[in-house]
Amino acid sequence: MNRCGVIDSPAGPAQVLAFLAALLAGILGAASAFAQTKTEIVPDIWQGDVLRPKPDLHNLEKLRFVTDSDYPPFHYFDEEGVLTGFNVDLARAICEALAVDCDIRPVEWDALFSSLDSGDADAAIASIRIDAESLNKADFTERYYATPARFIARKDNALKDVRKETVTGKKIGVAKGTGHEAYLKQFFQSAEAVSFDSADDAQMALKAGKVDLVFGDGIGLTFWLNGVTSDGCCEFRGGPYLDSKYFGEGVGIAVKRDNRQLVEILNYALEQVHASGRYESLFLRYFPMSFF
């Protein structure tokens, strides 16, 4: 089971600091961010389609969500010890759209699916990637966000237009064993793919000038670019790239297998949250800088 993106280990102080620095930088640049179109800022697959009819909710009085607690800004404990984050607030918005009571509690990452199977929770909202592994364990709503792949380069790199035709002979760092590595080797064969044990290692190699570019997860790269360890060395170039074969179908809310009724209820609620503008507001609150 994987989170969407490459940040799969518990958040340490450096990651939390990176998130807070990114959030502050985004707030300072919010005016320019709002000048972008919605599709550039918000990875919203609902584009104003006709809303599905309201499902039967007469037996639904409360929704019990489980989430993780160590993946900022999606779910984490704030400085006052309160569980917060994009996923947490989205769960609350879903409950409000359905006019039901809401219970959201943290569990260990490995206990998310077992909480559904045992009946201790109705749904898990924890940035769970919709892939073959997770679909064997649960049913999912439609995705509520997806993460693009992006290139980054040092700011002193003159290469602005990153395409397969312009990267011939360039060294591109990438985390080994990832969809990003497979995509790079498939579609950017004229470049030299330099594989690293982790995304962090690739990013530090770029900072040191050992590679020309890095290709990876847009969210993780956003936090690094605006965090303390990058020292402001680098920036996005080219993209974004969205390909479900390599980067997954995105993230959905998980429910117990064969509970299609709840899936339909949650899909209805997600549409209502989108249509009201609440989704966009939440997304811009937690991601004021676009990773698209």
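How many helices and strands are there in the protein chain? The chain has 12 helices and 13 strands. Please keep in mind as you read that this is a predicted model.

## The chain as a whole

Let's start with the overall picture. The protein chain has 292 residues, and 50% of them count as buried. Among contacts with a separation of 6 or more, 75% are between residues 24 or more positions apart.

## The five-strand sheet

Five strands, in the order E10-E9-E11-E8-E12, make up an open sheet with mixed pairing. Its edge strands are E10, covering 192-196, and E12, covering 234-241; each of these pairs on one side only. On average, and with direction ignored, neighbouring strands of this sheet are turned by 30 degrees against each other.

Now look at the end of that order where E8 and E12 sit side by side. Strand E8 spans residues 149-154 and runs antiparallel to E12, with 5 bridges joining the two.

## Gly238 in strand E12

Gly238 also belongs to strand E12. Is Gly238 buried, partly exposed or exposed? Its relative accessibility is 26%, so Gly238 counts as partly exposed, since that class lies between the 20% and 50% limits.

Which residues does Gly238 touch once its neighbours within four places in sequence are left aside? They are Arg150, Lys160 and Val162. Lys160 is 78 residues away from Gly238 along the chain, yet the C-alpha atoms of the two are separated by 7.4 Å.

## The three-strand sheet

The other sheet is an open one of 3 strands, ordered E2-E3-E4, and its pairing is antiparallel. At its edges are strand E2 (70-71) and strand E4 (83-84), each pairing on one side only.

## Helix H4 against helix H11

Next come two helices. Two packed helices are described by the angle between their axes and the distance between the axes. The axes of H4 and H11 (residues 260-276) come within 9 Å and cross at roughly 100 degrees. H4 is therefore roughly perpendicular to H11, because angles of 65 to 115 degrees fall in that class.

Which residues meet where these helices touch? From H4 come Leu90, Ala93, Ile94, Ala97 and Leu98, while H11 brings Ile265, Leu266, Tyr268, Ala269, Leu270, Gln272 and Val273. Sorted by class, the contact of H4 with H11 has 11 nonpolar residues, 1 polar residue and no charged residues.

## Asp89, also in helix H4

Helix H4 covers residues 86-98, and Asp89 has its place there. Is Asp89 buried or exposed? With a relative accessible area of 9%, Asp89 is buried, because the cut-off for that class is under 20%.

What does the side chain of Asp89 make a polar contact with? Its partner is the side chain of Tyr286, at 2.7 Å. Leaving aside neighbours within four places in sequence, Asp89 is in contact with Leu282 and Arg285 as well as Tyr286.

How values were computed: Residues are numbered from 1 along each chain as its sequence is written. This is a predicted model: local features need pLDDT of at least 70, side-chain atom pairs count only at pLDDT 80 or more; totals for chains, interfaces and linings use all residues. Side-chain values use heavy atoms; hydrogens and water are left out. Helices (H or I, at least four residues) and strands (E, at least two) are DSSP runs, numbered from the N terminus. Buried means under 20% relative accessible area, exposed over 50%, partly exposed in between (1.4 Å probe, protein chains only). A polar contact is a pair of N or O atoms within 3.5 Å; within protein, one must be able to donate a hydrogen and the other to accept it, and residues adjacent in sequence count only if both atoms are side-chain atoms. Contact means heavy atoms within 4.5 Å. Two strands pair if DSSP finds at least two bridges between them. Axes are lines fitted to C-alpha atoms, for helices over the stretch in contact, and angles run from 0 to 180 degrees between N-to-C directions. Angles under 35 degrees count as roughly parallel, over 145 as roughly antiparallel, 65 to 115 as roughly perpendicular and the rest as oblique. Ala, Val, Leu, Ile, Met, Phe, Trp, Tyr, Cys and Pro count as nonpolar, Asp, Glu, Lys and Arg as charged, and the others, Gly among them, as polar.
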